[in-house]
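Here are my notes on the model, point by point. Please read them with the coordinates open.

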Amino acid sequence: MRLIRAKDYQDASRKVANIISAQVILTPDCVLGLATGSSPLGAYSQLIQWCKKGDVDFSKTKTVNLDEYVGLSPVHEQSYSYFMHHNFFDHINIEPRNTHLPNGLVLDEEKECSRYDQVIRDLGGVDLQLLGIGENGHIGFNEPTNEFVTGTHKVDLTPSTIAANSRFFADKNMVPRQAYTMGMLDIMRAKRVVMIATGANKAQAVYDAFCGPVTPQMPASIMQLHPDFILVADEAALALVGDKL
């Protein structure tokens, strides 16, 4: 595990963008595993700026996203497909056919999960996986549970995750209760994993994930076992860690 300390969210975002851009520049046809939510927005914004300047070229890059809400169409304003297009894909020179997400409208869990696992296999796996970390330690929508789930699967979102995501919806009751998420096996098979963690509200999760035992009750803790894992975290998120990492 490698730790990159950042001053604040803006600094952390630029450091993450540097890692991603280096990956794309060195391997233009690489496969990026991407995340949604507020954590990666700063990095995406920086990558958009560099792409528009001609510093990074996404024309051959392929992407797979971690997750998608069950029941939301790709054009729904709160779907992760919409999020990715609105905040990243529509502003860079990536081919739409090279972007992949779970399909939240397919209610047949076995069919959709098998399809998405096959998409990842056909791409040859993920070269660089970007992660955030939830306040309860979830990565993607791999919530705290009694065992790590390997492949893509449908999950029931925990009350804390629903509450955290309710800020994006007009009403808490509108937040989907289920999602499809990439499983731990595909995440762990990524050649490199980069996690961004910022803000005081992530301090406990960062401490528990990286200063405690590896346990499915703290899903992010499995990153302790990845051979090429980078944690990019700001001062607030590292407040409880001290010099333990």
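1. Helices (H or I, at least four residues) and strands (E, at least two) are DSSP runs, numbered from the N terminus.

2. On provenance: this is a predicted model, in which local features need pLDDT of at least 70 and side-chain atom pairs count only at pLDDT 80 or more, while totals for chains, interfaces and linings use all residues. Residues are numbered from 1 along each chain as its sequence is written, and side-chain values use heavy atoms, with hydrogens and water left out.

3. Which residues of helix 4 are buried? They are Glu-112, Cys-113, Tyr-116, Asp-117, Val-119 and Ile-120. Seen down the helix axis, they fall within an arc of 150°, so they line one face of helix 4. The arc is taken over directions from the helix axis to the C-beta atoms. The face turned away from this buried side carries the exposed residues Glu-110, Lys-111 and Asp-122. Buried means under 20% relative accessible area, exposed over 50%, partly exposed in between (1.4 Å probe, protein chains only).

4. The cover over the buried residues of helix 4 includes strand 3 (62-65), strand 5 (99-100), strand 7 (153-156), strand 8 (178-181) and helix 6 (184-189). Contact here means heavy atoms within 4.5 Å.

5. Check both ends of helix 4. At its start, a side-chain oxygen of Asp-108 reaches to within 3.3 Å of the backbone nitrogen of Glu-110. After the helix comes Gly-124, with a positive phi near 90°.

6. How many salt bridges does a search of the whole structure find? It finds 5. A salt bridge is a side-chain nitrogen of Lys or Arg within 4 Å of a carboxyl oxygen of Asp or Glu. One of them joins Glu-112 and Arg-115 (2.7 Å, N to O). These two are 3 residues apart in helix 4, about one helical turn. Glu-112 is buried at 3% relative accessibility, while Arg-115 is partly exposed at 36%.

7. Asp-127 and Lys-191 also form a salt bridge (3.1 Å, N to O). Asp-127 lies in the loop between helix 4 and strand 6 (128-131), and Lys-191 in the loop between helix 6 and strand 9 (192-197), so the pair ties together parts that are 64 residues apart in sequence. Asp-127 counts as buried at 15%; Lys-191 is exposed at 51%.

8. The largest nonpolar core has 42 residues, and Phe-58 and Phe-88 have the most contacts inside it. Such a core is a set of buried Ala, Val, Leu, Ile, Met, Phe, Trp, Tyr and Cys residues joined through side-chain atoms within 4.5 Å. Among the elements that each supply at least two residues are helix 1 (9-26), helix 2 (41-53) and strand 10 (229-234). Leaving aside neighbours within four places in sequence, the contacts of Phe-58 include Leu-32, Leu-47, Phe-88 and Ile-92. A second, separate core of 32 residues includes Val-31, Ile-139, Val-193 and Val-206.

9. Last, look at Ile-20 in helix 1. Ile-20 is buried, at 4% relative accessibility. Not counting residues up to four places away in sequence, Ile-20 touches Leu-32, Leu-47, Leu-128 and Leu-130.

Terms used
Polar contact = N/O pair within 3.5 Å; in protein donor to acceptor, adjacent residues only side chain to side chain.
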